[in-house]
Amino acid sequence: MSPSRVTPVCEDSSSVAEPAPETNVTEPAPIVALVSLLSVTGQVSIPDNLDAILVNIPSTSTSTAATAPVQSKANTWKDLFSPTSNPDSALEFYEPYTVDGIPRERRPPEVAAIEAQVWENSLVAFLVGKRLPVKSVQEILQRKWGQVGHFSFHVAGSGVFIVKFDNGQARDWVMDNGPWDIWGYHLALRKWSKGMSLTLEDCKSIPVWVKLSKIPIQYWTKMGQSYIASVLGKPLHMDLSTTNQYALAFANVCIDMAATSSFPNSLLLELDNGTTTSIDMEYCGDQPHVPCVRYLIMLIKRVLKRCGENECQK
């Protein structure tokens, strides 16, 4: 026999609680069934045929509200693993290479060369000193570089981006017309190459724009600038104004400098007559608020911490 709903008893046994007023919405049938199992003492008496009780109890809802719309059919397993409508999403199977019974990936050299060509006109951009919203970075670069050539924008890590141009001319124009910044924060650029690290902290060197002042006129040549820049690191290129010798008051040169560099403020240049002259230097262009050097000092500390000071000095 199914247990019936029990009327609660008040603390005063001489009085019985007034029945609750009827409402348009009642409790769901499973809740009614469970409540009906409560005895007067508050203990639960679970019959053996509980499952049958819950299944066979009809709905007692008398709500006059509109019936809720039926939910759409849930995705099936087939829908979950079905391909997208984009044909480029389809993959192919290639038999893996096996060494000592362990499969590994090894593609033919000609295939690797074809794959590398897809990214050969790309730049790796490191945003130095600040993490900015990705959408804002993309929009700013689109305004700065979009008129030079079409490119696609890809996030490679925190503050690291891949900018893939359609051609090498647009990529080289961007490299030659720096330095570049995003909201005043330096954007270090490298030409992409196979196997290069995409983490700034893992780089043993970083391209830095250096502003050189008080250069003697006779050194305002491509060779002269190369000799001066070589004191700081590996010279990469000059900006357009320096290349055209438009203004001889200073030169902007991009130099690949070691992360352990002391980043001096000046260097001595020995002249032909045996005397010396001092060349002043500023880093990351003429923007003193750009925390380029401070970030590189932090970079050095991270490198020393990760690989050990003695090993890094080898």
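Trainee: Which residue in strand 10 stands opposite Pro-207?

Mentor: This is a predicted model in which local features need pLDDT of at least 70 and side-chain atom pairs count only at pLDDT 80 or more, while totals for chains, interfaces and linings use all residues. Residues are numbered from 1 along each chain as its sequence is written, and side-chain values use heavy atoms, with hydrogens and water left out. Strand 8 (residues 205-213) and strand 10 (residues 250-258) run antiparallel and are joined by 9 bridges, where strands are DSSP runs (E, at least two residues) numbered from the N terminus and two of them pair if DSSP finds at least two bridges between them. In strand 10, the residue opposite Pro-207 is Asp-256.

Trainee: Which strands stand at the edges of the open sheet of 5 strands, each with a single partner strand?

Mentor: The pairing in this open sheet is antiparallel, and its strands follow the order 9-10-8-12-11. One side of each edge strand is left without a neighbour in the sheet, because each has a single partner strand; these are strand 9 (234-238) and strand 11 (266-270).

Trainee: How many residues apart in sequence are the parts that the pair of Trp-145 and Trp-180 ties together?

Mentor: A search of the whole structure finds 7 aromatic pairs, meaning rings of Phe, Tyr and Trp (its six-membered ring) whose centres lie within 6.5 Å, with planes under 30 degrees apart counted as stacked, over 60 as edge-to-face and the rest as tilted. Trp-145 and Trp-180 form an edge-to-face pair, at 5.6 Å centre to centre and 80° between the planes. Since Trp-145 lies in helix 5 (residues 134-145) and Trp-180 in strand 6 (residues 180-182), the pair ties together parts whose separation in sequence is 35 residues.

Trainee: Is Trp-145 buried or exposed?

Mentor: Buried means under 20% relative accessible area, exposed over 50%, and partly exposed in between (1.4 Å probe, protein chains only). With a relative accessibility of 0%, Trp-145 therefore counts as buried.

Trainee: What is the angle between the planes of Phe-151 and Phe-165?

Mentor: Ring pairs link Phe-151 and Phe-165 into a cluster with Trp-145, Trp-173 and Trp-180. Phe-151 counts as buried at 6% relative accessibility, and Phe-165 counts as buried at 3%. Their aromatic pair is tilted, with 5.4 Å centre to centre and an angle between the planes of 55°.

Key: Helices (H or I, at least four residues) and strands (E, at least two) are DSSP runs, numbered from the N terminus.
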